[in-house]
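Okay, everyone, thanks for coming.

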Amino acid sequence: MYSCDENNKHFRSDDYIDVNENISTSQEKHHTSGKLADTGSDTYEQVIFNSIIKHDSSKEKKIATDSEIDWANLPSVAIENIFSFLPRLDQTNMSVVCSKWSKEFSSPGVWKKLQFYLPRRDYIGKTFPEIKFGKRYASMLRHVDIIVKSVKIEETDEIWKQLKLFINILTYESQLTTIKFINLNNYLYRLSHEDKEYLLQVILHFFTTQKNLKSIVFVKCKFEQDYACKLLKAIFYSDNHTIKNLTLRGFINEDIFRLLSHENKLILTQVCHRMAKVNSIEVEYTQIFEEFINCIYEKIICSEYQLHQMKSGMSNLNIYCDGKRHFEFRGIPPNIWTLLRRVFRELKVEVNIKIRNSPENEIPKFLAESMPLNSLNFEFKKMFTSSRVKINAVFSHISNMNLSENIENLRIIYKAPISSFSETVVPFIQSCRNVKEIDMYVSYCPSELENSFKKILENHPPRLNKITVSFDYFQRNQSVEKISGIIGEYYALLKQSGIDWKLFYRSQYIPKTLEKI
C-alpha cells in the first residue's frame with residue numbers, strides 16, 4: 001500500500017527500515033495476545049499507518065530542531081572568524097544583528113588591523129568611519145595602513161582634517177606594531193606649505209610616541225630631503241631596537257637633484273647604528289642610502305661601537321636602483337662591502353636594477369666587488385637600441401667582480417636582441433654555481449635552443465632546479481610545433497637532472513601537454 005523509491009523524497013531508506021521495525025513490534029504485541037486484528041483494537045492497516053505517521057512526525061520535529069540553530073549564541077571564536085572574512089562595512093552591519101554579535105565586534109581580534117583609505121567621497125562633510133573606529137578601538141589596533149588614492153583639489157581640506165585627527169588618535173591612544181603609509185605623495189603635493197608642515201609635524205610626533213613598532217613601510221611618499229632625514233631621526237629616536245623591517249620605497253623626492261646638507265649628514269650619523277640593527281631593509285638607492293652605508297663603515301673603523309658583538313643586525317638588504325640617476329652617486333667601494341660582510345655575517349643583498357641606456361656605465365655604480373649578492377633582478381626594456389648595447393657586458397661585469405658565485409636567484413628582463421643565447425646566457429648560468437632559480441623575459445625565442453639544452457645538461461650548477469624563459473616573438477624558421485618538439489626531446493632529460501625548464505610564448509606554456517609528464 002505504501003512504497004519507497006528514489007523519486008519519493010518523503011520516504012528515505014532509513015524511514016523504510018524504521019517503519020518495518022515499528023510494524024514488527026506491533027505484530028509481536030498482537031501475536032502475544034493471540035489476535036492480529038481483534039475487535040476494539042487497530043486493524044493491521046491502521047497499525048502500519050499509525051507507525052508511519054508517528055515516525056514521520058518525529059523526523060519533522062528533528063529537522064525543525066536542527067534548522068533552528070541559535071546563531072546568537074555561537075562561540076566567540078566562530079563569530080570572530082566570520083568577522084575576519086568581512087570588510088568593515090559588512091562587519092558593522094553584522095554587529096547590529098544581536099547583542100552577542102555587537103559585543104564580539106568589540107573584541108581585540110577584530111581590531112588588530114585597520115586600513116584607512118583616502119579620500120572617502122561618500123563621507124565628505126562627515127566624520128570618516130575610521131575616525132570613529134579609531135576613537136573607540138585605538139588601544140586594540142596593532143597594524144594600520146594609511147592608503148591615499150587620487151585626490152581632487154576640493155577634497156584637500158577635508159582630508160587634511162580627517163588624516164590629522166586620525167594620526168593624533170593613534171599617537172595618544174595606540175601602540176602599534178606595524179604602520180604603512182602608501183601613496184601619500186598623491187595628497188601632499190596638493191597642500192599649501194603651511195598645511196604640509198603641520199601634517200608632517202603630526203607624523204613626526206606619532207613616531208616618537210610608539211614603543212613597539214616592528215615594521216614600518218613608506219611607499220611613494222616622496223618627502224623632501226630635509227623632512228625625510230627628520231623622519232628617520234624620529235623613527236630611531238630611542239634604543240628600543242624593536243624595528244625588524246623597514247621599507248623606504250619612493251621615500252624621498254628626487255625629482256630635483258640636491259646634495260645632502262651638513263645637517264642631514266649629521267642626522268644620518270646619529271641614527272645609522274640603530275638602522276643597522278634592523279633585520280630587513282628595503283630601500284631605493286639614493287644619496288641617503290649611500291650616506292647611511294658610509295656612516296656605518298666610518299663608525300666601525302673608528303671603533304665607536306662594536307657591531308660585531310651585536311646579537312642581531314642587517315640580514316636582508318633589498319636595493320632598488322634606477323640607472324638614469326647613476327651619475328649622482330659615488331658608488332659603494334669593495335672595502336666597505338668587505339667590512340660589512342665581516343660584521344653582518346648573515347647579510348644577503350638583493351639588487352633590482354633598471355637600466356636606461358648604457359649597462360656598462362650604469363651597472364658598476366650599483367654592483368661592486370665583495371658585495372654579498374644573493375639575488376639579482378636586472379631590467380633593460382629597450383627593444384630597439386644601439387648594437388653597442390650587449391647583455392654580455394652585464395654578465396662580464398658581474399663575473400669580473402666575482403659576484404656570480406653567490407647568486408641564488410636570477411631574474412632578467414632584456415628586450416634588446418641577444419645574438420646567441422647558448423654563447424652568452426648559458427655560460428653565465430654555468431658560472432653561477434649556487435644559483436637555484438632563473439627567470440628570463442626576452443623579446444625573441446632563444447636561438448640555438450637545442451644547443452643550449454645540451455650545454456646545460458653537460459654542465460649546470462648543482463643546485464639549479466628551475467629555469468623559466470618567456471618571449472614574445474619567434475626567430476626565423478621557428479614555430480610552436482618545432483620548439484615543442486625540441487622541448488619534448490629534452491624535457492625528460494632535464495627533469496632527470498633536477499631541472500624544470502619551461503618556455504612561455506606570450507604567457508602561453510609550450511607545450512601544454514608536457515605539464516602532464
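So, let's start with a charged pair: E284 and R249 meet through their side chains in a salt bridge, at 3.9 Å from N to O. By salt bridge I mean a side-chain nitrogen of Lys or Arg within 4 Å of a carboxyl oxygen of Asp or Glu. That pair links distant parts of the chain, with E284 in strand β6 (residues 280–284) and R249 in strand β5 (residues 245–249), 35 residues apart.

Before I go on, the housekeeping. This is a predicted model, so local features need pLDDT of at least 70 and side-chain atom pairs count only at pLDDT 80 or more, while totals for chains, interfaces and linings use all residues. Residues are numbered from 1 along each chain as its sequence is written, and side-chain values use heavy atoms, with hydrogens and water left out.

The cut-offs are under 20% relative accessible area for buried, over 50% for exposed, and partly exposed in between, with a 1.4 Å probe and protein chains only.

Next salt bridge, please. D322 pairs with R356, and their closest N and O atoms are 2.9 Å apart. D322 sits in strand β7 (residues 316–322) and R356 in the loop between β8 (348–354) and α14 (359–362), so this pair ties together parts that are 34 residues apart in sequence. D322 is partly exposed at 21%, and R356 is partly exposed at 29%.

Then there's E408 with R463, where the closest N and O atoms are 4.0 Å apart. This one also links distant parts of the chain: E408 is in the loop between α15 (391–400) and β10 (409–414), R463 is in the loop between α17 (449–458) and β12, and they're 55 residues apart. E408 is buried, with a relative accessible area of 16%, whereas R463 is partly exposed at 36%. How many salt bridges does the structure hold? It holds 11.

Quick reminder: most residues other than glycine have a negative phi, and most peptide bonds are trans. Now look at L118 and P119, which are joined by a cis peptide bond with omega about -5°. P119 is in the loop between β1 (113–118) and α6 (129–137).

What about phi? N477 isn't a glycine, yet its phi is positive, about 65°. You'll find N477 in the loop between β12 (466–473) and α18 (480–496), and at 68% relative accessibility it counts as exposed. K222 is another non-glycine with a positive phi, near 55°. K222 lies in the loop between β4 (215–219) and α10 (225–235), and at 34% it is partly exposed.

Which residues form a positive surface patch? K220, K222, K324 and K354 do. A patch is made of residues with over 30% relative accessible area and no salt bridge, with like charges joined within 9 Å.

Now, strand β2 (residues 143–148), which is where D145 is found. D145 is buried, with a relative accessible area of 5%. The side chains of D145 and Q115 are joined by a polar contact of 3.2 Å. A polar contact is a pair of N or O atoms within 3.5 Å; within protein, one must be able to donate a hydrogen and the other to accept it, and residues adjacent in sequence count only if both atoms are side-chain atoms.

Last stop, a couple of C-alpha distances. K113 is in strand β1, and K113 and H143 are 30 residues apart along the chain with their C-alpha atoms separated by 4.5 Å. K113 is partly exposed, at 44%. Y123, in the loop between β1 and α6, is 35 residues from E158 in sequence and 9.9 Å from it in space, C-alpha to C-alpha. Y123 counts as partly exposed, at 24% relative accessibility.

That's my tour, thanks.

Notes. Patch = residues over 30% accessible without salt bridge, like charges linked within 9 Å, V, L, I, M, F, W, Y side chains within 5 Å. Areas by Shrake-Rupley, 256 points an atom, 1.4 Å probe, with all protein chains shown as cover. Lys, Arg positive; Asp, Glu negative; His and termini not counted. Charge placed at Lys NZ, Arg CZ, Asp CG, Glu CD. Helix = DSSP H or I, 4+ residues; strand = E, 2+ residues; numbered from the N terminus.
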